[in-house]
Amino acid sequence: LPAFRRPFLRFAEDVLYEISKTKNNPAESVYRTGMKWKRFWSEGVLNKITYEWLHGIAGELSFLIYIIDKLGSEAVHSWAGPSGKDHDFQTGTDLAVEVKASSDMPFKIRCNIRQLDASIFKKLYVVCYRIVSSENGTTLTKLVEKIENLIGDDAVTLDSFRDRLAAAGYSPQSEQVYNQHPLEISSGVAFLVDDSFPKIAESSFVNPPDHRISNIRYMVQLTGLNELTLDTIEMDLKSLTKNEQHL
């Protein structure tokens, strides 16, 4: 049927791409492609796209591109935000990185009272990207494609990335919509969350808030703080490749 021809040809193209990329035998490539399509298309409902979500995931993907490029594809397993963790990237209690997107300069970021609690980790960084709409910018689709190319033939890590991507709300059904919103994304800037960093955490209260109260959020303007390039904290970021993230 003509209505089925177009999606079938797209599926066949994906199978051929899988074969050429991974050198798997055809049967394995058909199976992997079928599972990928099932995972991404089975929900059947498009997620509502907001600028807050769009900019937020663009920031996380930009940071993921940086750490994969610098540290290797193992860093994908540290992407913890999609699984419901308070911090976007973390490894045990050694390191956490909270990624924020802001259209303002100086940066203005929205936080909850757990995200900037530095007592949980040996080191906690906030990494900020300035993200604004731009006709000549990149798109979520291109960011995802770049990450998949960086991961390459590592099938386990590629599946882990796609699982996290789906959990973060990304859907191939919405790629045409994503492509209508190109973004200009700055280089990442890091801030160490220490005693001088402006924050509100549960420890800020004499009597911590009742845990039946949820979603406490506040805005922080990041002025008067020491800005660090990502390259200067690369040694700390190596913790994000620890094997415990596979657990």
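**Reading the model**

Mentor: The protein chain has an average pLDDT of 86, and 91% of the residues score at least 70; pLDDT is the predictor's confidence in each residue, from 0 to 100. This is a predicted model, in which local features need pLDDT of at least 70 and side-chain atom pairs count only at pLDDT 80 or more, while totals for chains, interfaces and linings use all residues. Residues are numbered from 1 along each chain as its sequence is written, and side-chain values use heavy atoms, with hydrogens and water left out.

Trainee: Which residues of α4 are buried, and why do they line one face of the helix?

Mentor: An α-helix has 3.6 residues a turn, so residues three or four places apart point the same way. Buried means under 20% relative accessible area (exposed is over 50%, partly exposed in between; 1.4 Å probe, protein chains only). In α4 the buried residues are Leu140, Thr141, Leu143, Val144, Ile147, Glu148 and Ile151. Seen down the axis of α4, they fall within an arc of 165°, so they line one face; the arc is that of the directions from the helix axis to the C-beta atoms.

Trainee: What do these buried residues pack against?

Mentor: Contact means heavy atoms within 4.5 Å. The partners are α3 (51-71), β4 (123-138), α5 (155-167), α6 (175-178) and β5 (183-185).

Trainee: How many aromatic pairs does the structure hold?

Mentor: Rings of Phe, Tyr and Trp (its six-membered ring) pair if their centres lie within 6.5 Å; planes under 30 degrees apart count as stacked, over 60 as edge-to-face and the rest as tilted. The structure holds 6 such pairs. One of them, phenylalanine 63 with phenylalanine 89, is edge-to-face, at 4.9 Å centre to centre and 65° between the planes. Phenylalanine 63 lies in helix α3 and phenylalanine 89 in strand β1 (residues 89-91), 26 residues apart.

Conventions:
Helices (H or I, at least four residues) and strands (E, at least two) are DSSP runs, numbered from the N terminus.
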